[in-house]
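Here is a briefing on one structure, grouped by topic. Please keep the sequence and the 3D view open while reading.

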Amino acid sequence: MGLFDNAVPGGNVTKPLLIALGALLVGKMLSGKSTESAPAEPQAAPAPTGGASADGGLLGGLGGLLDRLKEAGHGNAADSWVGTGQNQPIDANDLGRALGPAVIREIAQRTGMDEQELLKQLSTALPGVVDKLTPGGQVPSHRQVASAFND
């Protein structure tokens, strides 16, 4: 995956984890509207209705994810991922509460992963992935995030 290889401890970005990250940050990867360089996954499901647009992932993209974390009381951790200092960890259970059961269920279905394992992997990966997506401490546009997933 290039950009994300060293974002995750151990450098292991598995396909289900990549799908999960895409579901949160780049809905197009999973909604059947994939770009040529990001083939559709067999277990891809349409983006949920009533939530964020398919273009911005399940929470409205990276900005939506960061907002959700801040609203759940994890703003310091989220800000540390965007900022240039040390990334603060987030507990899998805290991440689960911040994302909400509907989002977790949707991603688990798309990836075929158990919800607890999904949260464990996401809580490990998100600090480094968000850090890589925000090298100058600035949240990129949705197009820039989508481009990072297509590289």
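Is Glu-106 buried or exposed? Glu-106 counts as buried, at 15% relative accessibility; buried means under 20% relative accessible area, with a 1.4 Å probe and protein chains only.

This is a predicted model, where local features need pLDDT of at least 70, side-chain atom pairs count only at pLDDT 80 or more, and totals for chains, interfaces and linings use all residues. Residues are numbered from 1 along each chain as its sequence is written, and side-chain values use heavy atoms, without hydrogens and water.

**Glu-106**
- Glu-106 sits in helix α5 (residues 101-111); helices are DSSP runs (H or I, at least four residues) numbered from the N terminus.
- Its side chain makes a polar contact of 2.8 Å with the side chain of Arg-110. Such a contact is a pair of N or O atoms within 3.5 Å, where, within protein, one must be able to donate a hydrogen and the other to accept it.

**Thr-134**
- Thr-134 is in the loop between α6 (115-133) and α7 (142-150).
- Thr-134 is buried, at a relative accessible area of 1%.
- Beyond four places in sequence, Thr-134 is in contact (heavy atoms within 4.5 Å) with Leu-62, Trp-81, Val-82, Val-139 and Pro-140.
- A polar atom of the Thr-134 side chain lies 3.4 Å from the backbone oxygen of Trp-81.

**α1 and α7**
- The axes of α1 (residues 15-25) and α7 come within 11 Å and cross at roughly 170°; axes are lines fitted to C-alpha atoms over the stretch in contact, and angles run from 0 to 180 degrees between N-to-C directions.
- That makes the two helices roughly antiparallel, the term for angles over 145 degrees.
- Leu-18, Leu-21, Gly-22 and Leu-25 of α1 meet His-142, Val-145 and Phe-149 of α7.

Definitions and conventions. Buried < 20%, exposed > 50% of the residue type's maximum accessible area, 1.4 Å probe, protein only. Parallel < 35°, antiparallel > 145°, perpendicular 65-115°, else oblique.
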